[in-house]
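Biologist: Please pick one part of this model and take me through it slowly. I would like a single connected account, with the cut-offs spelled out along the way.

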Amino acid sequence: MHLSPEDIRKAGLAGLLMDMGMAHVPQEVWDKDAPLTPEEWDVVKSHTTLAHEFLTLGGEMPAEVLDVCLNHHERLDGSGYPNGLAGEQIGMFARMAAICDSYDAMTSNRLHRSGEDPSRALLKIDEDGGALFDAEIFQAFQRAVGIYPIGSLVRLRSHRLAIVVEQNPDDLTLPKVRPFYSLSDRAFEKSEDIDLGNCFGADQIITRETPEGWDMSEWPAMSAKLLAVAS
């Protein structure tokens, strides 16, 4: 987004601190394996004002960081919290944080659910976010994480399933992938990584896939293990 070094520092600091208020949400709310009550939701939502208050009391914190702590759950259509801000009432850093926070929440594992596939999380934000998120900032975010984010499950023309392991900054449609399952043989395999941007068309991504579509209930653990394997 062509920010200055000082603004990049402030944005990074805001990203580190924006959810510090969550440390004051009771553990029983965190651990609850059921829908939260309206009262419990109010407790969770208080993390924005708590973080803002604590950091304000501490002093010497950039105004942009304080704004992100307070407003990263605000939405462009005014449906967010804590103050129902809309449009340009929401600062640029808070609009950036809203996208990062939503993507992180969707792709992270929780006690009651597994995280979304990264590619599908991007699609959902794109489909549902027109009224919620800043379109220009979302485009910059998507350029940063890629059309096929690291950890995405894809099907290759070579009739294999693969996991995306590295982005190609010159062409986001041609990342580096790690094949791990042969659809022809219906068996796991160990093979070398493929740099789709430098394989002269020998293979390519046919489509995104979902772990549910292949009955991979242990996908979070499996994907972590696949990403940890040395290329």
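Modeller: Apart from its neighbours within four places in sequence, I99 is in contact (heavy atoms within 4.5 Å) with I125, F133, D134, I137, F138 and F141. This is a predicted model: local features need pLDDT of at least 70, side-chain atom pairs count only at pLDDT 80 or more, and totals for chains, interfaces and linings use all residues. Residues are numbered from 1 along each chain as its sequence is written, and side-chain values use heavy atoms, leaving out hydrogens and water.

I99 is among the residues with the most contacts inside the largest nonpolar core, alongside V68, C69, Y103, L122, I125 and F141. That core has 23 residues; such a core is a set of buried Ala, Val, Leu, Ile, Met, Phe, Trp, Tyr and Cys residues joined through side-chain atoms within 4.5 Å. Two or more residues come from each of α4 (47-58), α5, α6 (92-107), α7 (118-128) and α8 (135-145), helices being DSSP runs of H or I, at least four residues, numbered from the N terminus. Helix α6 gives the largest share, 7 residues.

Now to C69: it counts as buried because its relative accessibility is 0%, the limit being under 20% relative accessible area (1.4 Å probe, protein chains only). The structure holds 0 disulfides (cysteine sulfur atoms within 2.5 Å), and the cysteine sulfur nearest to C69, that of C100, is 14 Å away.

C69 also takes part in a helix contact: K10, L13, A14 and L17 in α1 meet E64, V65, V68 and C69 in α5.

Technical notes: Buried < 20%, exposed > 50% of the residue type's maximum accessible area, 1.4 Å probe, protein only.
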